[in-house]
Amino acid sequence: GGGRTRARETIEHRGTARAERTTMASDKRRVALPAAVCVLLLGLAGWRFSSCAEPNLSQPELANAIFNGVNYAALGLIGLGCLFWPGSSGGQDQRAVPVAAPQTSHVGGGGIAYLANLKTFLTVVVVAHHASNQFGGPPIAMPIGTYAYDPRSPIGAAAGTDSFGVFSSALQAVDQMYFMSLFFLVSGIFCPASLDNKGFRAFVLGKILRLGGPLAIFSIILGPATIAWTAHYGGVPVQWVYFAGPCWFILWLLNFSVAYAALATVVPKVVAPKPNPPMLLLLPPLVGLPLSLVFWGISAIPLDAAWGGPSGLGGMVFWSYGAAIYIPFFFAGILAGRSDYLSVIERMPRWAAWALRAQALGLISIIFLCVAQYTIPI
């Protein structure tokens with residue numbers, strides 16, 4: 001009997017030791033990967049700061065380099081602080097309070113089905129938007145671009161404009177009004193529940209890992225490689241230069257998410273009353289009018305041209321869109337997630353849904369006519 005007891009104790013001890021080793025390995029992996037991403041972000045900051053010493057650097061390029069350097073350094077230091085600050089437990093926040101995700105009737109595959117469908121549609125729109133851009137204007141630094149108009153005629157002259165140019169211009173004008181802003185909106189919807197469940201440290205580290213990792217890899221390797229290949233193809237000197245490219249969205253989504261997490265630690269939670277169907281119909285013009293004034297006001301200031309070139313300061317693709325559309329939509333998504341607005345949308349009467357669709361169709365028609373008046377002889 002004693003031999004069996006000792007054997008059983010030995011097996012249990014080995015099992016406990018194996019479980020402890022597995023837990024330690026898991027803890028190391030949980031810390032190592034976010035730490036590596038934070039180090040990459042700090043490396044990006046150093047790269048951007050070092051570029052400030054380059055000769056013949058324009059004022060917009062210098063402003064962009066300084067902004068990016070401060071931005072990446074802040075993200076990297078915040079991430080390392082979440083990992084190694086005393087009492088951080090490797091990014092785990094013991095004060096996190098589990099909170100249910102937004103309650104909806106269309107949940108499947110770990111997410112909300114219609115929001116997944118919306119993101120799929122928006123992804124297709126993004127591809128179509130940039131594909132049409134390649135063939136809808138002059139091929140400025142675009143090797144596969146073609147002219148959508150006769151270059152011998154004045155731009156916009158009806159006789160010199162190709163029909164595809166009309167379609168491309170109208171498509172891009174409509175897309176710019178909603179497609180990236182909806183990505184920010186959908187991302188914001190799930191931030192409150194995620195922050196409540198994980199706590200500040202785990203929430204921020206998760207965002208840095210999932211968003212900062214791809215951003216760093218693209219900006220350090222894939223983006224510069226694309227620029228180098230394009231330069232070689234065009235017969236110009238090849239250089240390895242910083243290029244975030246399409247990852248500008250990831251960068252600013254990460255910035256917005258970290259900013260929200262920081263604000264949420266000091267600002268009381270806000271739950272807005274649920275709007276009724278008539279209010280839903282009034283919401284677009286009531287919100288859209290002041291935001292449009294902000295948009296056109298910023299557009300009148302040459303910030304994008306003077307501070308950061310065509311992409312705007314810090315890589316934001318036009319601050320007129322960033323200030324008037326992207327930031328408001330992200331934080332509107334947070335308010336919607338906190339106030340459970342998805343349930344209002346799901347229970348919306350059919351007449352209200354069709355009225356909102358009519359509003360959208362009317363705006364699309366107006367935008368098309370604004371473009372067509374310069375391109376279609378009527």
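1. Starting with a crossing: α5 passes α7 in a right-handed sense. Keep in mind that this is a predicted model. The two helices, α5 (residues 179–189) and α7, pack at an angle of about 35°, and their axes are 11 Å apart.

2. Who touches whom here? On the α5 side you'll find Met180, Phe183, Phe184 and Ser187, and they meet Trp248, Phe249, Trp252, Leu253 and Phe256 of α7. Sorted by class, that contact comes out at 8 nonpolar and 1 polar, with no charged residues.

3. α7 (residues 248–264) also packs against α6 (residues 191–234), this time at an angle of about 155° with the axes 9 Å apart. With the cut-off for roughly antiparallel set at over 145 degrees, α6 and α7 are therefore roughly antiparallel to each other. Their crossing is left-handed.

4. The α6 side of that contact includes Cys191, Pro192, Phe200, Phe203, Lys207 and Gly212, while α7 brings in residues including Ile250, Leu254, Ser257, Tyr260 and Ala264. The residues of this contact split into 19 nonpolar, 2 polar and 1 charged.

5. On the cysteines: how many disulfides does the structure hold? There are 0. Take Cys38: the closest cysteine sulfur to its own is in Cys82, 8.0 Å away, so that pair is too far apart for a bond, given that a disulfide needs the sulfur atoms within 2.5 Å.

6. Buried or exposed, then, for Cys38? Cys38 is buried, at a relative accessible area of 0%. Cys191, one of the α6 residues in the contact with α7, counts as buried too, with 1% relative accessibility.

Terms used:
Residues numbered from 1 in each chain as written. Predicted model: local features only at pLDDT ≥ 70, side-chain atom pairs only at ≥ 80, totals over all residues. Heavy atoms only, no water. Axes fitted to C-alpha atoms, helices over the stretch in contact; angles between N-to-C directions. Helix = DSSP H or I, 4+ residues; strand = E, 2+ residues; numbered from the N terminus. Parallel < 35°, antiparallel > 145°, perpendicular 65-115°, else oblique. Left-handed = near helix turned anticlockwise from the far one by under 90°. Contact = heavy atoms within 4.5 Å. Nonpolar A, V, L, I, M, F, W, Y, C, P; charged D, E, K, R; others polar. Buried < 20%, exposed > 50% of the residue type's maximum accessible area, 1.4 Å probe, protein only.
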